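I'd like to walk you through one protein chain, so please have the picture up while I talk.

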Amino acid sequence: MRFPDCAKLGIAKIDESHGALFRAAESLRVAVAEARGGEYIAAILDQLADYAQRDFEAEESCMREHRYPGYEAHRAQHERFAVELAGLCEDMARHGATPVLAAKAQRRVREWLLGHVAVFDQQLCEFLNGKA
């Protein structure tokens with residue numbers, strides 16, 4: 001999954017963290033397509049969770065700094081995905097990266113990442129650009 005231009009917000013720190021997330025999501029997509037082993041896929045998911053946490057912290061810091069009115073809703077989206085991602089990691093640890101579970105994780109990461117960036121991060125970007 002390549003980092004689409006529409007996901008680039010023009011805020012260097014956030015674009016860098018989004019790039020890492022999209023690269024991890026692409027690694028996950030390839031690993032699932034190649035039916036890589038469970039440990040390999042689990043490691044990618046763990047890495048993706050780390051990148052997501054860093055991205056969330058950077059965005060939330062920016063939102064607080066600029067008193068973004070959509071902060072609570074945006075932060076809630078981050079929290080829900082972090083919980084969902086942790087659940088996927090736990091499922092993989094418990095049951096292994098079965099093809100069905102690995103595909104579910106890959107699909108959910110892709111859906112969330114594209115949807116969140118297109119809506120919530122885009123709204124944040126528009127607010128910040130309006131403040132400049």
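Of the contacts in the protein chain with a separation of 6 or more, 67% are between residues 24 or more positions apart. A contact here means heavy atoms within 4.5 Å. Before I go on, a word on the source: this is a predicted model, where local features need pLDDT of at least 70 and side-chain atom pairs count only at pLDDT 80 or more, while totals for chains, interfaces and linings use all residues. Residues are numbered from 1 along each chain as its sequence is written, and side-chain values use heavy atoms, with hydrogens and water left out.

Now, the overall build. The protein chain has 4 helices and 0 strands, and from the N terminus on the order reads α-α-α-α. Helices (H or I, at least four residues) and strands (E, at least two) are DSSP runs, numbered from the N terminus.

How does the radius of gyration fit a compact globule? For 132 residues, such a globule would come out near 14 Å, and the protein chain has 15 Å, which agrees. That radius is taken over C-alpha atoms, and the globule rule is 2.2 Å times the number of residues to the power 0.38. Along the principal axes, the C-alpha atoms fill a box of roughly 45 × 25 × 20 Å.

What about inside and outside? Of the 132 residues, 41% are buried. Buried means under 20% relative accessible area, exposed means over 50%, and partly exposed is in between (1.4 Å probe, protein chains only). The accessible surface of the protein chain is about 7200 Å², and 52% of this belongs to carbon and sulfur atoms. Those areas come from the Shrake-Rupley method with a 1.4 Å probe, and for residues only the protein chains shown count as cover.

Let's turn to charges. The protein chain carries 17 positive and 21 negative charges, and their mean positions are 2 Å apart. Lys and Arg count as positive and Asp and Glu as negative, with His and the chain ends not counted. Each charge is placed at NZ of Lys, CZ of Arg, CG of Asp or CD of Glu.

Side chains of opposite charge can pair when their charged atoms come close. How many salt bridges are there? The count is 8, where a salt bridge is a side-chain nitrogen of Lys or Arg within 4 Å of a carboxyl oxygen of Asp or Glu.

Let me show you some of them. In helix 1 (residues 12–33), Glu 26 and Arg 29 sit 3 residues apart, about one turn of the helix, and their side chains form a salt bridge at 2.7 Å, N to O. Glu 26 is partly exposed because its relative accessibility is 23%, and Arg 29 is partly exposed because its value is 36%.

Helix 4 has a pair too: Arg 108 and Glu 111 are 3 residues apart, so about one helical turn separates them. Their salt bridge spans 3.7 Å, N to O. Arg 108 counts as partly exposed at 25% relative accessibility, as does Glu 111 with a relative accessible area of 43%. Elsewhere, salt bridges that share partners join Glu 72, Arg 75 and Glu 79 into one network. Within it, Glu 72 and Arg 75 meet at 2.6 Å, N to O, and both lie in helix 3 (residues 71–95).

Now for a charged residue without a partner. Asp 121, in helix 4 (residues 99–131), is buried yet has no salt bridge. Where is the nearest side chain of opposite charge? That is Arg 80, 13 Å away. Leaving aside neighbours within four places in sequence, Asp 121 is in contact with Leu 9, His 18, Glu 59, His 74 and His 116.

Helix 4 also holds Ala 102, which counts as buried because its relative accessibility is 2%. Not counting residues up to four places away in sequence, Ala 102 touches Val 32, Ile 41, Met 92 and Ala 97.

Last, two loop residues. Ala 35 is in the loop between helix 1 and helix 2 (38–65), and its phi is near 55 degrees, a positive value in a residue other than glycine. Arg 67, in the loop between helix 2 and helix 3, has a positive phi near 50 degrees. Are these residues buried or exposed? Ala 35 is exposed at 66% relative accessible area, and Arg 67 is exposed at 74%.
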